[in-house]
Amino acid sequence: MKDKTIDYMLRATWQAVARMYNEEASKFDGSMAIGFALLSIDKEEGTPSTYISNRMGMEATSLTRTLKTLEEKGLIIRKKNPEDGRGVLIYLTDLGKQMREHSKSTVLKFNDVIKHNIPNEKLQHFIEVAETINELITEKKIF
């Protein structure tokens, strides 16, 4: 194929972003998945595990492995939901809160650098295109 497809550009860009985040997270003995999971947990109130998987767009089995890793690293603790005995709330430990702040600053730096290097008008077009692609997929207008 001579021209790059839209699919190729999306995959290649996301793979580059994921590689970049994983390289940065490895400096703190983490990963991109760990960072995004930490950012999905309310730092004061705790968060139901089902909310985390929905927010991250992750399958339950993948989230289970990620939560196990977070727990083993001492970043989270699990507690029964007092309002729903069947559910579990995930809370950040003090170390988890520190790592969450590292993750947050990393994401914000990425956004700042992109905003500094790409004119706002182009970013708005990018956002519109990404939203349209997501809508077409969600509404099953492609396949």
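Predicted model: local features only at pLDDT ≥ 70, side-chain atom pairs only at ≥ 80, totals over all residues.
Residues are numbered from 1 along each chain as its sequence is written, and side-chain values use heavy atoms, with hydrogens and water left out.

**Entry 1: the overall layout**

I looked up the secondary structure and found six helices and three strands. Helices (H or I, at least four residues) and strands (E, at least two) are DSSP runs, numbered from the N terminus. Along the sequence I read the pattern α-α-β-α-α-β-β-α-α. The C-alpha atoms fill a box of roughly 55 × 35 × 30 Å along the principal axes.

**Entry 2: the sheet**

In what order do the strands of the open sheet lie? I found β1-β3-β2, with antiparallel pairing. β1 (47-48) and β2 (76-81) are at the edges with a single partner strand each, so one side of each has no neighbour in the sheet. Two strands pair if DSSP finds at least two bridges between them. My reminder to myself: strands of a sheet pair through backbone hydrogen bonds, either parallel or antiparallel.

I then followed β2 and β3 (residues 84-92), which are joined antiparallel over six bridges. They form a hairpin with two residues between them, and N81 has D84 in β3 as its bridge partner. On the other pairing, I found two bridges joining β1 to β3, also antiparallel, and there P48 stands opposite L89 in β3.

**Entry 3: two helices crossing**

Next I checked α2 (residues 32-39) against α5 (residues 94-117): their axes come within 9 Å and cross at roughly 105°. That makes α2 roughly perpendicular to α5, a label for angles of 65 to 115 degrees. Axes are lines fitted to C-alpha atoms, for helices over the stretch in contact, with angles from 0 to 180 degrees between N-to-C directions. Where they meet (heavy atoms within 4.5 Å), I listed G35, F36, L38 and L39 from α2 with G96, M99, R100, S103, K104 and V107 from α5.

**Entry 4: a salt bridge**

How many salt bridges does the whole structure hold? I found seven, each a side-chain nitrogen of Lys or Arg within 4 Å of a carboxyl oxygen of Asp or Glu. One of them joins K73 to D29, with the closest N and O atoms 2.9 Å apart. This pair links distant parts of the chain, 44 residues apart: K73 is in the loop between α4 (60-72) and β2, and D29 in the loop between α1 (6-26) and α2.

Definitions and conventions. Parallel < 35°, antiparallel > 145°, perpendicular 65-115°, else oblique.
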